[in-house]
Amino acid sequence: ESIISKIAAGQIAVSPSAVLKELIENSIDANASKIVVDIVSPFEFKVVDDGEGIPLEDLPLSVERFATSKIFSIDDFNRLKTYGFRGEALHAISLFSELRIKSRYFNEDIGGEIFVRGGEIVDYKPITFSGGTAVSVSNLYFNAPIRKREISKAEKTKMKAVIMDYALANESIFFKVGDRVFYPSSLVERVKMVGITNFKVAEGRFFIGFFKTSFEGKSGKVRKIFVNRRPVIVKEISELLKKLMIDEYVLFIDVPPSSVDVNLSPLKDRVILKNIRNILDEIEKKVDTSLYKFPS
Ligand code: ADP
Ligand code: MG
């Protein structure tokens, strides 16, 4: 491993919640309609999906850095619709854990299993597998004791928050997390399902939910911005909403992939929006004219 790739990997696999986020994104990118998450501890968890699967011969590539990058030219950045695109997440996770992937590609008869420990492929073989993909992470940070010690008690809560974000933004996907189940629904219904109630909605080019009252079990303020269903930080928007005295919000902005650049940080949580001025104007207009209505 080069120093550069280790640093990049360290940033991707920075915490159990960051690792879980990558696995859930991969399931969604594989067009899963069903995602089941099982968390034993922050160092041992599993994501199972019914997505398209990974061809047996591609399994070793999936854990190799950049081997599966979906980007072939600069132009492709503009067409990106998937959460992942750099082909470095599974590799990064494999460097810090024992990673087991079982999968069967949708149009192949035989499935495959690969077991990688600290970046080394320990086992790789064909298996019979019903379909989709099961990714298990165990012994996370077994080889990074300092990092392991830094993972706090709050990490499990962060992991649940990650799942909530993706369940929220992907309302047509069935999610199961422990004994919580989210059935496919409308966006408004899904917002309610994750526990956000008492909100007003402005729909149009954007979907905006503003709310003032708190709901049971909520910890802290709910302030969420999704761009093309990706949970992100957009400083200009959060500052505007603060200025408008919108204390809590869930904001979905869907724009053409060509007008958003997500390649700013390894965590892909910061974006640049090309038409930010228009977007800010539109948000302000919606708030000002009280266009929002209560959801039915
Ligand atoms: P990226 O998502 O940036 O392409 P990853 O390292 O996250 O890179 O994943 C590498 C590749 O492994 C993906 O491009 C995809 O082809 C495959 N893959 C990973 N997880 C899954 C999954 N749950 N279902 C199907 N394919 C997957
Ligand atoms: Mg990915």
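Guide: Helices are DSSP runs of H or I with at least four residues, numbered from the N terminus. The model is predicted. In it, helix H2 (16-29) and helix H5 (89-95) each contribute at least two residues to the shell around ligand 1.

Visitor: Which helix gives the most to the shell around ligand 1?
Guide: That is H2, with four residues. Of the 22 residues around the ligand, Asn-26, Ala-30, Ser-62, Gly-84 and Ala-89 come nearest.

Visitor: What is the make-up of that shell by class?
Guide: Ten residues are polar, seven charged and five nonpolar.

Visitor: How do you know that the length of H2 agrees with its number of residues?
Guide: The expected span is 1.5 Å times one less than the number of residues. For the 14 residues of H2 this gives 20 Å, and the end C-alpha atoms are 20 Å apart, so the two values agree.

Visitor: Why is H2 called largely enclosed?
Guide: A residue is buried if 20 or more other C-beta atoms lie within 10 Å of its own. Eleven of the 14 residues of H2 are buried, and therefore the helix is largely enclosed by the rest of the structure. Among the buried residues are Lys-21, Glu-22 and Asn-26. Just after H2, Asn-31 has a positive phi of about 60 degrees.

Visitor: Why is Asn-139 called partly exposed?
Guide: The class lies between exposed, at 12 or fewer C-beta neighbours, and buried, at 20 or more. Asn-139 has 15 other C-beta atoms within 10 Å, so the residue is partly exposed. Asn-139 is located in the loop between S6 and helix H6 (145-150), and its phi is positive, near 50 degrees.

Visitor: What makes S1 and S2 a pair of strands?
Guide: Pairing requires at least two bridges found by DSSP. Six bridges join strand S1 (residues 34-41) to strand S2 (residues 44-49), so they count as paired, in the antiparallel sense. Val-36 has Val-48 in S2 as its bridge partner, and a hairpin connects S1 to S2 through two residues.

Visitor: How many bridges does S2 share with strand S6 (residues 132-138)?
Guide: There are five, again antiparallel, with Val-47 opposite Val-135 in S6.

Conventions: Residues numbered from 1 in each chain as written. Chains lettered and ligands numbered in written order. Predicted model: local features only at pLDDT ≥ 70, side-chain atom pairs only at ≥ 80, totals over all residues. Near = placed C-beta within 6 Å. Nonpolar A, V, L, I, M, F, W, Y, C, P; charged D, E, K, R; others polar.
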